[in-house]
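Subject: The structure we talked about

Hi there,

Here is the structure I promised to pass on. Please have it open while you read; my notes follow below.

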Amino acid sequence: MNMKLRGMTLAALLLSASTSAQADENEYAHAGDLSQGFVGDTLSMPTKGAVPMRSAPIRNASANQYNPIAVGDLQPVGFVGDCDSGCSSCDSPSCDGYGCDSMGGGKRNGLQSLLNLCDKDGWMRAEGMLMFHKNRVAPPLVSSSDPGTALGVSGVLPAATVEFGEELDGGLSGGFRGDFGRYLTDHFGVGGRVLWVGENGDSYSATGDQNSATDRQLGRPYFFIPTLNANLAGEDAEIVSALGSFTGSVNAEFETELVMAEAYARLTFCKNKSSRVEMIGGYTHASLDDMVRIMSTTADVNDPTLQSTEFSSMFETENRFNGGQIGFDSLITRGNWSVRALTKVHLGNMDQTVNIAGQTTDLLAGNVVGVQNSSILVSEEQGEQTNDVFTFIPEMDFTLGYRFRDHVSFTVGYTFLYFDNVALAGQQINRFQDTDDLGQNVTPVAFDIVEGSHWVQGISLGASIDY
């Protein structure tokens, strides 16, 4: 009898050791197969030799039946499976919403466990950009008109046609954006991003040989304000070509280029298994360069000495931004699809540099006979000026992604950047000139930098890799 009681006691102890256990995230696992199974499940029984070893449910000896395990029978244990204590949540930002084992599984080394890393906790994104710049503005820089009519662009009948200037539309530009980084914990990561938008601009060139009465005249317009008699002010133009008087050519161009580089940290604000919101903060450097150049050559067809004059005008600006950034990055996933929204603002100092230069070159039979430091639209106000101003750059990015295989997604998105307080080349051009200074050596004087705004927008096509 005592032997029978001792046997029943030992069996009860063994059965009690095989009850289900409560895992992290309020999940339940059965002893013997802790990676799966829930309360009330009837699992296949492992065997020892030919005798089955039952794990669950436990046996009710008095009724000779097997009953499901009650919640009160469960005991807490650590999470089991491919995710150990270093990634217990299994829905951290670096686990892509599919559980840590979706990122490769396997055990972590000591450093990974110390930093609480998942097996796959980094990202790389590469995107090709198709971007549009806001149209730049400038005064009328090249005009044309019918033979025998004035080349001024306004206030003159018939008015001349603006061939280059006013609205400077550079069309579509290509670019590149790369983003890479790594999560140091389930909730904190660091990364870097670069953006480059190629030269956005256009050019214009024309030659006026005036071989027939149908050839249009070419000129470089400005607003004439004589020093001695302001009452004579009005629209005027330096003639490049005109029937029976002058022959020449003109070449003009403008271009804008943008580069940005960022270093940032991201902190998880809130998350669940299919979405998350992260706060982003860091450092930003941006460079926005703009340029307008015009060169024209004209010769008097009635001058037997073959003397000609070359006018060159150049306006260049550089904008260097250094400051901080703050914003939010939101992600929603549904199956293989994902939507990401990044909104942030860059705040800091904009270092503006404007360089204006002009040159008039006299040529006789093709040889240089004189050079002066003034030109059309460039007189005393020339040289280099700098200015520092506090500014902000809002940014919005919206990206749709499709995961076509583990860790790799195709993406398409929209980007918008707005630059406040920047110096653009066309806005530095002063078309109010006194032709008494044209072709003369002048003493440069300081000038005020004209500030404006600029935006860039477009679409992106790329790929994202989680590693």
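Among contacts in the protein chain between residues at least 6 apart in sequence, what percentage join residues at least 24 apart? The answer is 72%. Please keep in mind that this is a predicted model.

**The chain as a whole**

You will see two helices and 23 strands in the protein chain. There are 467 residues, and buried ones make up 43% of them. The chain exposes about 23,000 Å², with carbon and sulfur atoms supplying 57% of that area.

**Salt bridges**

Side chains of opposite charge can pair when their charged atoms come close. Searching the whole structure turned up 19 salt bridges. Let me walk you through some of them.

One joins K344 to E262, and their closest N and O atoms are 2.5 Å apart. This pair links distant parts of the chain: K344 belongs to strand β18 (residues 337–364) and E262 to strand β15 (residues 246–271), 82 residues apart. Are K344 and E262 buried or exposed? Both are buried. They also belong to a network of salt bridges, in which E262 and K344 are linked with E127, R177, R193, E395 and D397.

Next, have a look at E318 and R320, whose side chains meet in a salt bridge with an N to O distance of 3.7 Å. E318 has a relative accessible area of 38%, so it counts as partly exposed. R320 is partly exposed too, because its relative accessibility is 23%, and the cut-off for buried is under 20%.

R403 and D406 form another salt bridge, at 3.9 Å from N to O. Here the two partners fall into separate classes. R403 counts as buried because its relative accessibility is 16%, while D406, at 48%, is partly exposed.

Where is D169 placed? You can find D169 in the loop between β10 (161–168) and β11 (172–183). Its relative accessible area is 44%, so D169 is partly exposed.

**Two buried residues to look up**

The first stop is L424, in the loop between β21 (408–422) and β22 (432–433). Although L424 sits in a loop, it counts as buried because its relative accessibility is 5%. Which residues is L424 in contact with, leaving aside its neighbours within four places in sequence? They are R136, L288, D290, T317, S453 and H454. L424 and M291 are 133 residues apart along the chain, yet their C-alpha atoms are separated by 7.7 Å.

The other stop is G122, in strand β8 (residues 122–133). With a relative accessible area of 4%, G122 is buried. Setting aside neighbours within four places in sequence, G122 is in contact with G181, R182, I465, D466 and Y467. The C-alpha atoms of G122 and G189 are separated by 8.7 Å, and these two residues are 67 apart along the chain.

Happy browsing, and do write back with any questions.

Best wishes

How values were computed: Residues numbered from 1 in each chain as written. Predicted model: local features only at pLDDT ≥ 70, side-chain atom pairs only at ≥ 80, totals over all residues. Heavy atoms only, no water. Helix = DSSP H or I, 4+ residues; strand = E, 2+ residues; numbered from the N terminus. Buried < 20%, exposed > 50% of the residue type's maximum accessible area, 1.4 Å probe, protein only. Contact = heavy atoms within 4.5 Å. Salt bridge = Lys/Arg side-chain N within 4 Å of Asp/Glu carboxyl O. Areas by Shrake-Rupley, 256 points an atom, 1.4 Å probe, with all protein chains shown as cover.
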